[in-house]
Amino acid sequence: MFDSDRYAWKVFVALNWPANVAGKQADSSKLFGAPGPVVWETWRNVRPDAPDTVFRRDGANPGPWLGGGGAGPAVAREEREFVRAPVKKMTGFALRPRGPLSAGISPQFDEPVADGGNEVRLNETAYAFIKEKELFNIEGQIKSVNEGIEILKFPPNAKEIKATWRKLTNEAEKSRYHWTEVSRAGGSKEVWGLTALHISTKDLPNWLWMTFEHIDNKQGGAWELKSVDRFACPTAPHDCEQAPTGIGLQGTKWENYRLRGTQTDFVDTKGAQTKLANSKLEAIQARSSCITCHAFATVDKNGGGLNFAFVVGPPPTDWFLNQNGERLFMQLDFMWSLTQASNRN
């Protein structure tokens, strides 16, 4: 297996490079750490009420990657007003059928966090696949089920991020965070800092999972699982929780972020269940597994799916097949974001 922690930091730098907003790509004329939007912030948002959404509430085609289509133009964050929805921590649910998919991602979550906000974004490769297969509405997803597809398979280079933010309370904090301005009703503005960044990439059949947090999140013993970073901390047990050197982080706001770990499979080479958690997203970190959670992203012939349940390791086969071996659900290739789709009007 390749060095996933080293690779995670390379992805981190690439996705947090200052962006050419109009082109939705890195701006090579700017230095790493410069203020303003970064690459992933220009990607398409999965929230249905976002102007640059992938999943319109009317289930219509979201339009070209660069133009925004009928969903409205995709513009730099500081050029538009937006209000962040509260972050909600995962606490787990018993397994049960759910639907319709237009209920969105919310069934995964329970406990609200008052000081936060989150967003999920997809890169162009993932976006193009969703458009090609008409996965941007429930009818298109059901069509794939009826065609007998066992599992959707996103192409290599597909990427998804989940970011969490909090309101910064003083000017001194800004230099230590990647931050953005939020315009509120009435014209007031707030400064919000990035606290955590989940990244998943289709570099492996079951994706590569990596999660980063701002070092301030560690306060008060919030990190129940120790970080594992074999790149920044080459000596076992790899939990020094330092930023790596030699990749351009030093002297920038990004030196305050830490890799909490990476995940490449349900189990390790000895058969032990793997875990990965982010303190801003998982309430029960000791029982958290990104890959296992996302394995339950599914749809059936009626547009329903499975609820998230807190388990680690490989998911049970009988949650997907009945006693006769008949398929109950089509897996959405680990993409919970597809459950944001609405019916086509």
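**Salt bridges and overview**

The count of salt bridges comes to 18, a salt bridge being a side-chain nitrogen of Lys or Arg within 4 Å of a carboxyl oxygen of Asp or Glu. This is a predicted model, in which local features need pLDDT of at least 70 and side-chain atom pairs count only at pLDDT 80 or more, while totals for chains, interfaces and linings use all residues. Residues are numbered from 1 along each chain as its sequence is written, and side-chain values use heavy atoms, with hydrogens and water left out.

**Charged pairs**

- Side chains of opposite charge can pair when their charged atoms come close.
- Lys 143 forms a salt bridge with Glu 147, with 2.5 Å between the closest N and O atoms, and Glu 147 counts as partly exposed at 48% relative accessibility, where buried means under 20% relative accessible area, exposed over 50% and partly exposed in between (1.4 Å probe, protein chains only).
- Lys 189 and Glu 181 meet through their side chains in a salt bridge at 3.7 Å, N to O; Lys 189 counts as exposed at 53% relative accessibility, whereas Glu 181, at 31%, counts as partly exposed.
- A salt bridge at 3.6 Å, N to O, joins the side chains of Lys 226 and Asp 239, and this pair links distant parts of the chain, 13 residues apart, with both Lys 226 and Asp 239 in the loop between strand E11 (208-214) and strand E12 (257-263); helices (H or I, at least four residues) and strands (E, at least two) are DSSP runs, numbered from the N terminus.
- Lys 226 is exposed, with a relative accessible area of 62%, while Asp 239 is partly exposed, with a relative accessible area of 24%.

**Aromatic pairs and charges over rings**

- The structure holds 17 aromatic pairs, for which rings of Phe, Tyr and Trp (its six-membered ring) must have centres within 6.5 Å, with planes under 30 degrees apart counted as stacked, over 60 as edge-to-face and the rest as tilted.
- The ring centres of Phe 12 and Tyr 257 are 6.4 Å apart and their planes lie at 45°, so this pair is tilted; because Phe 12 lies in helix H1 and Tyr 257 in strand E12, the pair ties together parts that are 245 residues apart in sequence.
- Phe 12 counts as buried at 1% relative accessibility, and Tyr 257 likewise counts as buried at 1%.
- Phe 296 and Trp 319 also form a tilted pair, their ring centres being 5.0 Å apart and their planes at 40°.
- This second pair links parts of the chain 23 residues apart, with Phe 296 in the loop between helix H4 (290-295) and strand E13 (298-299) and Trp 319 in the loop between strand E14 (305-306) and strand E15 (330-331), and both Phe 296 and Trp 319 are buried.
- One aromatic cluster is formed by Trp 9, Phe 12, Trp 17, Phe 32, Phe 212, Trp 254 and Tyr 257.
- The charged end of Lys 174 sits over the ring of Trp 179, 4.0 Å from its centre, and Arg 260 lies over the face of Trp 223, at 4.1 Å from the ring centre; the criterion is NZ of Lys or CZ of Arg within 6 Å of the ring centre and within 35 degrees of the ring normal.

**Nonpolar core**

- In the largest nonpolar core, which has 72 residues, Trp 40, Ile 130, Phe 154 and Leu 338 touch the most other members; such a core is a set of buried Ala, Val, Leu, Ile, Met, Phe, Trp, Tyr and Cys residues joined through side-chain atoms within 4.5 Å.
- Helix H1 (residues 4-15) gives the most to this core, contributing 6 residues.
- Leaving aside residues up to four places away in sequence, Phe 154 touches partners including Ile 130, Trp 207, Asp 333 and Leu 338, contact meaning heavy atoms within 4.5 Å.

- In helix H3 (residues 138-146), the residues Ile 138, Gly 140, Gln 141, Ile 142, Ser 144 and Val 145 are buried, and the buried residues of H3 pack against E13 and E15.
- Just after H3, Gly 148 takes a positive phi of about 85°.
- Pro 48, in the loop between strand E3 (44-45) and strand E4 (87-90), counts as buried at 15% relative accessibility.
- The C-alpha atoms of Pro 48 and Gln 340 are separated by 7.0 Å, although these residues are 292 residues apart along the chain.
- Not counting residues up to four places away in sequence, Pro 48 touches Thr 53, Phe 55, Arg 57 and Gln 340.
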